[in-house]
Amino acid sequence: MHLLLFALPHCLALNLFPTKFPNLNLQKNSRLPCISSMRRAAVGTKPFPYLQGSSQPQSQRPFFFNRETETKFLTKKLYEDPVFSVVIGPPSCGKSALINHVLDQKLDDGRNAFHAIRIDLRGGFITDKTSLRSVLLDKSGSAASGDGAWSMFTRSLRSLEISGPRWKIILGLTQQNKTFDLDRLIPTIPRWPFGGDGRPFVLFIDEANELSTLAANDQETFRAFLRFIIKISKQDRRLHVVFASSDSFFVQWLFSAFGLKFEHVNVITLGDLTKAEAYRYYEHIIKTKHPEKKRELFPSEADFDKVFSVSGGRMQYLDQYVSAVAFSGSQPTVETSDIVRAAISRVGLELDSSSRQEMLRIIEKLSLSESESLDYEDLVNEFGFDIVRKMISQNLLYYRATKSISGDSNESEPSVTASCVPLLRAMQRITRRRSVSSQGLKEPGGNVGDQRDE
């Protein structure tokens with residue numbers, strides 16, 4: 001009887017996930033390229049589904065606009081062999097919006113392009129095996145309600161025991177902390193690309209750095225979860241696992257603390273919009289949020305450098321710049337922008353007495369860099385790991401382990417940049433002011449308020 005119950009889910013899996021790909025009607029005007037050649041050899045001559053783009057209205061995805069290059073890149077990755085990917089990028093650069101946008105895409109027949117479970121860990125509520133199971137069960141259950149492909153996964157997850165039967169624990173036949181066997185979930189997901197209906201399975205965990213709470217409270221469960229992730233993705237090729245994190249040292253933490261190897265993880269670095277993309281977003285804001293009679297207040301395309309030098313390609317700062325122009329009727333520059341003034345104040349607050357001079361030297365070095373970045377190894381060798389790590393943890397600096405897929409940086413080696421363009425401009429102003437002050441002069445346009453900012 002027990003053997004029958006054990007085998008039944010595997011038999012059901014063969015019926016639940018048909019191996020035949022759907023019939024397709026390719027649409028010539030679809031916005032994403034056909035990816036039919038990616039697995040044609042594995043599945044015969046039938047191409048992969050043609051993607052139409054997300055059905056979710058643009059207005060419901062805050063801080064997401066365009067990102068065509070990144071959308072194509074991530075979509076293509078998710079239609080290749082399953083891997084464990086970690087998407088790294090500065091806070092508010094659009095990681096969550098991009099991944100959700102990709103997962104929201106529809107096929108030409110109206111079905112979701114991906115079988116996806118999404119877990120947002122903002123708030124850090126996974127602390128032990130009980131809360132891990134509860135979160136997985138809640139999110140997989142929600143996915144299963146609209147996507148039957150997750151039903152077996154959810155049923156198997158529900159049957160996982162957090163602790164062994166009481167009589168077995170008393171008799172010493174089992175241990176309470178060794179019965180949480182996540183590997184039992186693996187057979188519920190068909191292997192890629194031979195099983196299933198041609199649509200990839202994806203587990204997306206946002207702000208995955210919050211898993212550090214689980215690691216601190218229950219290291220054994222965290223290690224088991226990591227082993228499960230590696231096995232179900234890269235080793236068994238059943239499920240894409242995507243972590244997103246703003247912590248630039250998150251992957252290094254996984255390597256050093258838990259023994260993950262470089263080949264286990266696919267690191268994707270996301271940056272800001274390019275200048276051309278930033279202008280399109282800027283133009284979109286003006287046209288959709290402000291009446292035509294007011295649009296002459298805003299810098300034109302020829303003068304967009306004035307905007308981009310303040311905001312860079314971060315959408316939230318472009319929004320703030322446009323709001324400032326609409327409110328004041330003037331066009332802020334680096335010297336007059338409240339965005340940069342706030343960044344100057346923030347830098348000043350982070351400069352503590354014990355490491356102030358070293359931090360100011362790093363700020364000066366970055367401010368004078370033509371590439372607006374510094375080689376990470378050189379910086380650590382000159383100033384020491386602790387001070388560099390401290391400034392990264394304060395979000396004054398950002399560590400880029402790999403080249404950005406966004407095209408906003410050309411650095412091929414691990415590098416350090418300011419966390420955002422307003423912070424870089426703040427550092428440049430602080431450096432210029434210190435230089436002028438050391439010569440006994442006054443910075444043009446300086447005022448008492450600026451001196452307090454430092």
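I'm working with a predicted model, where local features need pLDDT of at least 70, side-chain atom pairs count only at pLDDT 80 or more, and totals for chains, interfaces and linings use all residues. Numbering runs from 1 along each chain as its sequence is written, and side-chain values use heavy atoms, with hydrogens and water left out.

I looked up the strand order first: five strands make an open sheet, 4-5-6-2-7, with parallel pairing. Strands (E, at least two residues) and helices (H or I, at least four) are DSSP runs numbered from the N terminus, and two strands pair if DSSP finds at least two bridges between them. Strand 4 (115-120) and strand 7 (265-269) are the edges, each pairing on one side only. Neighbouring strands are turned by 20° on average, direction ignored; axes are lines fitted to C-alpha atoms, for helices over the stretch in contact, with angles from 0 to 180 degrees between N-to-C directions.

I then checked strands 5 (201-206) and 6 (240-245), which pair in the parallel sense over four bridges. Ile 205 has Phe 243 of strand 6 as its bridge partner. Helix 9 (219-235) packs on the sheet and touches strands 2, 5 and 6, contact being heavy atoms within 4.5 Å. Its direction makes about 130° with that of strand 6.

**Cores.** A nonpolar core here is a set of buried Ala, Val, Leu, Ile, Met, Phe, Trp, Tyr and Cys residues joined through side-chain atoms within 4.5 Å. Buried means under 20% relative accessible area, exposed over 50%, partly exposed in between (1.4 Å probe, protein chains only). The largest core has 52 residues, with Tyr 282 and Ile 362 among those with the most contacts inside it. Helix 13 (315-328) gives the most to this core, seven residues. I also found a second, separate core of 48 residues, including Val 135 and Leu 185.

**Charged pairs.** I get 21 salt bridges, each a Lys or Arg side-chain nitrogen within 4 Å of an Asp or Glu carboxyl oxygen. Which partners does Arg 122 have? Arg 122 meets Asp 206 at 2.9 Å, N to O, and Glu 207 at 3.8 Å. Arg 122 sits in the loop between strand 4 and helix 5 (129-146), 84 residues from Asp 206 in strand 5. Arg 122 is partly exposed at 44%, while Asp 206 is buried at 4% and Glu 207 is buried at 13%. Shared partners also join Asp 109, Arg 111, Asp 197 and Arg 199 into one network.
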